[in-house]
Amino acid sequence: METTESKIERVKKMLYESQQVVCFIGIGAAMECGAINLFNQDEAYRIEEKYHYSPEEIYSTGFYSARTDFFYRFYHDEILSLETTPNETFHAIRQIEEWGKLRACVTSNIYNLPQKAGIYHVIELRGNIYNNYCTKCGMTYSLDYVRNAKGIPRCTRCGANVRPAIRLNGEMVRNDVMTAAANACQQADMLMILGTNFCDSSVMEILKYFQTKRLVLISKNEHYSDKQATVAIHDEVRKVLPRIVW
Ligand SMILES: [Zn+2]
């Protein structure tokens, strides 16, 4: 069995030799910053008890359209109520960017964590809660506007519903976003999957475009698919990544 120390040394060397690094932020890395995974078993159970619908059902375009008021109750109480702060993981990625080696930080998280850490090259597969827009006239609104609205937030100009620019279940990844992610992965010479595994649908999506061998996975939870990685390290991302970078 190779030790974690030796794996870290190998990844350090890979990073040193790479010029176009893509970091993928999975749910595990975001949870280390205070996010929760609404779709894991315990949370899903809690949500069903409270709302009588599964999180998958509520967090969907169909539900948003049919029960907008209900959706917003859930959105306020379960999503906007969370405080998330970027941690060591994001500071380490920021350092990779400062060296001029970060091709992109790809994330399916909706809390702006990379941007809050000062990372510039960010691709958000699921949008983020800070961007909100009127579904009729397109006027944009801040997070605070949505947060402070009673019930459904409405457009001050035309009165239509304002919605967050996040991708709900049943909606496609925006074309321009998917193209950016595909290009980044195609050009990458190193890909780091952080806090998730190869069965994550977003990872599967971007991995199709990745063509070289420096494929690193860091995740606390072991998964049978981890053997696909060139190097897999099982620990919290925030503990491992800084040791690779510094
Ligand atoms: Zn409007």
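Helix 10 (residues 175-187) has 13 residues and spans 18 Å from its first C-alpha to its last, close to the 18 Å expected at 1.5 Å a residue, where the expected span is 1.5 Å times one less than the number of residues. Helices (H or I, at least four residues) and strands (E, at least two) are DSSP runs numbered from the N terminus. This is a predicted model, in which local features need pLDDT of at least 70, side-chain atom pairs count only at pLDDT 80 or more, and totals for chains, interfaces and linings use all residues. Residues are numbered from 1 along each chain as its sequence is written, and side-chain values use heavy atoms, with hydrogens and water left out.

The buried residues of helix 10 are Val-177, Met-178, Ala-181, Ala-182, Ala-184 and Cys-185, buried meaning under 20% relative accessible area, exposed over 50% and partly exposed in between (1.4 Å probe, protein chains only). Strand 1 (21-25) is among the elements that cover these residues, and five of the five residues of strand 1 are themselves buried.

Strand 1 has two parallel partners (strands pair if DSSP finds at least two bridges between them):

| Partner of strand 1 | Bridges | Residue pair |
|---|---|---|
| Strand 2 | five bridges | Cys-23 with Cys-105 |
| Strand 7 | five bridges | Ile-25 with Leu-194 |

Elsewhere, the zinc ion has as protein donors the SG atoms of Cys-134, Cys-137, Cys-155 and Cys-158, lying 2.3 Å from it; donors are N, O and S atoms within 2.8 Å of the metal (3.2 Å for Na, K and Ca), and sites may look incomplete because water is not among the atoms. Cys-134 is buried at 2% relative accessibility, whereas Cys-137 is partly exposed at 32%.

Definitions and conventions
Contact = heavy atoms within 4.5 Å.
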